[in-house]
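Here is a short report on selected local features of one structure. Please keep the sequence and the model open while reading.

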Amino acid sequence: MAGPPPDPAPRTTPGLAPGDFEALTQALKYCVLLHDARTFEILWANGAACDLLGWSVEELKPLKAPDMSKNAREYSRELGHRWLRHAVADGVSATEWCYRSKSGEEILTEAIAIRVDLPAGTVVMVQFRDIAEEKAVRRDLFRTESRLRTFLGGLAEGIVVLDDAGRVVFASESATRQLGEGLHGADFADYCPDGPVPAREGRYRFAAPGAHPRWYAATCQYIGIESDLRGRMLLFYDISDRVREEEEHRRDTQRLDHLARYNAMGDMAMAIAHEVSQPLAAAYNFVEGARGRLAAGDEQVAWGLDNAVRQIDRARRILGSLRQYVGRLEQSEQLTDLNTIVRDCVYFIELRAQEHGVVTEFDLTADPLPVRCENVLIGQVVMNLAFNAVEEMARRPAAERSVRITTRRAGDGDAELAVRDRGDGPPPGDRIFDGVFTAKENGSGIGLALSHRIITRHGGRIGVGPNTPRGAVFRFTLPGARTTG
């Protein structure tokens, strides 16, 4: 039986003599040490290794690991031999090794030990290079990256980078915190409920799909960081509170303007009442004088004069009530009874109710309900709610037209007023008191908004709920006040 084929003859590279390989090794900038595979003694070193370590080949040969390694546990002789044994057993083994030069300088290196089977025997060839500067650069980069990551993570501003298709290729930690974990890789158009993805600086609403949008101020610019991060960069920060404050300021301005118009109307009403009361008094005197001069048989003329007197009296009562109410346009709070405020409004409420054929019922507490407020403003709220209820009832059949106004002391001591109607029930939505709701054909919705502003400014609450068996109940509460006796 034929034996195995003979080992092929060693190959030589055409044009290179065996001695040329040593010259090539000596020309390497990579450091090379040859160790005996059994004893790990140094057999040879190339010029780059000698230059780096400061020893000649002859000086290196007798050296042991403690002579040329950093004096630290991780560079002990035992660990060095273990590393070289791994190379003998596995063919290759890599590590970081800190050599010590002849001058005592410690040199951190990246070292690779490779087993090489030579005709003369097996050796371990160690290739190493100085990586101290590279490690320092890595440390600097890592430190810079860590700081940058910390800075970006602590920013209130979110940062996203979008590719040409509008997909998120980068999202900062703060952006993910604001818009959700699914941001990276998503189509950013899904986060823009009001239209296309921002292309310029401005205010926009963003939100994760299905979430409530918030207002952000955003800037946009194109960036190109080498080849792995190119696209449109959006930097945005939350301004929802600012937008809300601006909206509240705008509404407050509208309400104050409206209140100013109410005050102006009050001044005009006072002037009209003052001017009209004088000719009414004169007319009354003339009619009384004419009736006194009538002959006994002029009953029809007497009847007409009596009716004229009654109408003049009615007009005088109207003007008296108007002057009594409007004359209280004080701008400071005072201690008063909520029931008294309601009673001052009764005449005007009944007058409006009679115009529409609506029955009004007043159920006020027998005991006073002391509150500290601006009387005319709270009276304005009472009339706003009552007038709204009357006009709601005006659309119902005549038999159903009724409005009930009640006062009571709440469980926490607050004073409460409620206006109940039998209409279609509470208005839909949650923006009844912000100036946008009105059920009137020509209404502006400002009455409920003004009422809300007045009540909340006095520290109270105002709301609406369903009536029983049908209709709506508008009610407000004011903090109860202590009376001094």
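## Basis

This is a predicted model: local features need pLDDT of at least 70, side-chain atom pairs count only at pLDDT 80 or more, and totals for chains, interfaces and linings use all residues. Residues are numbered from 1 along each chain as its sequence is written, and side-chain values use heavy atoms, without hydrogens or water.

## Helix H5

H5 spans residues 77-90. Helices (H or I, at least four residues) and strands (E, at least two) are DSSP runs, numbered from the N terminus. The 14 residues of H5 reach 20 Å from first to last C-alpha, close to the 20 Å expected at 1.5 Å a residue; that expected span is 1.5 Å times one less than the number of residues.

Gly80, His81, Trp83, Leu84 and Ala87 are the buried residues of H5. Down the helix axis they fall within an arc of 155 degrees, so they line one face. The arc is taken from the directions from the helix axis to the C-beta atoms. Buried means under 20% relative accessible area, exposed over 50%, partly exposed in between (1.4 Å probe, protein chains only). The buried residues pack against strands S1 (31-36), S3 (92-100), S4 (106-118) and S5 (121-130); contact means heavy atoms within 4.5 Å. Exposed Glu78, Ala89 and Asp90 sit on the face turned away from the buried side. Gly91 follows H5, with a positive phi near 100 degrees.

## Glu106 in S4

Glu106 belongs to strand S4. Its relative accessibility is 43%, so Glu106 counts as partly exposed. Beyond neighbours within four places in sequence, Glu106 contacts Lys70, Cys98, Tyr99 and Arg100. Met68 is 38 residues from Glu106 in sequence, and their C-alpha atoms are 9.1 Å apart.

## Salt bridges

The whole structure holds 25 salt bridges, each a side-chain nitrogen of Lys or Arg within 4 Å of a carboxyl oxygen of Asp or Glu. One of them pairs Arg214 with Asp238, closest N and O atoms 2.6 Å apart. Arg214 lies in strand S9 (residues 214-225) and Asp238 in strand S10 (residues 229-238), so the pair ties together parts 24 residues apart in sequence. Arg214 is partly exposed at 32%, and Asp238 is partly exposed at 31%.

Arg404 and Asp363 also meet in a salt bridge, at 2.9 Å, N to O. Arg404 is in strand S14 (residues 402-409) and Asp363 in strand S12 (residues 359-363), 41 residues apart. Arg396 bridges to Glu400 at 3.4 Å. Arg396 is buried at 16%, whereas Glu400 is partly exposed at 24%.
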